[in-house]
Amino acid sequence: MSFSDLKLTRQFLDAVAEAGYEKPTPIQERAIPAVLSGQHVLGIAQTGTGKTAAYLLPTLQLLKFHQDTGVRALVLAPVKELVVQIAEHAQMLAKHTDLQIAALYGGVGVTNQKKRLAQGIDLVVSTPKRLFELYESGALPLAFIKIFVLDEADRMMDMGFVP
């Protein structure tokens with residue numbers, strides 16, 4: 001099977017090829033078509049098997065292009081380092097699009113993150129606490145979110161993010 005068999009559009013096929021991906025992994029083969037068709041997906045696979053691309057590729061393709069309507073996709077991850085990694089991966093996969101991606105996490109001032117959100121973002125990758133802070137301040141409305149991903153949901157539960 002190839003990435004083109006997964007019904008990805010040219011801009012994402014180009015990004016995948018430029019990233020050096022040769023063929024989809026089993027998690028990608030199963031998750032990408034399911035997400036593209038609107039199904040809810042729970043993906044469990046070993047580290048290094050391409051889980052991030054398995055949800056980012058179809059998410060980015062469903063977003064298609066930048067819109068000024070507000071955040072349309074949200075990825076929650078438990079820690080800053082993972083948020084940064086996911087956002088960088090998303091930027092790489094979306095490089096042939098005009099999609100706007102932001103990484104939101106604590107440990108830095110919130111003012112620049114609020115400014116970035118005000119510029120128009122399509123995909124937000126955030127830690128739970130920073131998401132909540134920005135939502136409560138009114139800087140991050142969630143009304144337009146159509147795609148929601150919990151990355152390492154089990155770890156977030158273990159860290160006490162259930163409430």
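Predicted model: local features only at pLDDT ≥ 70, side-chain atom pairs only at ≥ 80, totals over all residues.

Side chains of opposite charge can pair when their charged atoms come close. A search of the whole structure turns up four salt bridges, so let's visit some of them.

**Stop one.** Pick Arg10 and Asp14, whose side chains form a salt bridge at 3.2 Å, N to O. Both sit in helix α1 (residues 10-18), and because they are four residues apart there, about one helical turn separates them. Arg10 is exposed, at 55% relative accessible area, while Asp14 is partly exposed at 29%.

**Stop two.** Now select Glu18 and Lys95, which meet in a salt bridge at 2.8 Å, N to O. This pair links distant parts of the chain: Glu18 is in helix α1, and Lys95 is in the loop between α4 (80-93) and β2 (101-104), 77 residues apart. Glu18 is partly exposed at 46%, and Lys95 is partly exposed at 48%.

**Stop three.** Go to Arg72 and Asp122, joined by a salt bridge at 2.9 Å, N to O. Arg72 lies in the loop between α3 (51-63) and β1 (73-76), and Asp122 in the loop between α5 (110-118) and β3 (123-126), so the pair ties together parts 50 residues apart in sequence. Are these two buried or exposed? Both Arg72 and Asp122 are buried.

**Zoom out.** Switch to cartoon view and look for seven helices and four strands.

Definitions and conventions: Residues numbered from 1 in each chain as written. Heavy atoms only, no water. Helix = DSSP H or I, 4+ residues; strand = E, 2+ residues; numbered from the N terminus. Buried < 20%, exposed > 50% of the residue type's maximum accessible area, 1.4 Å probe, protein only.
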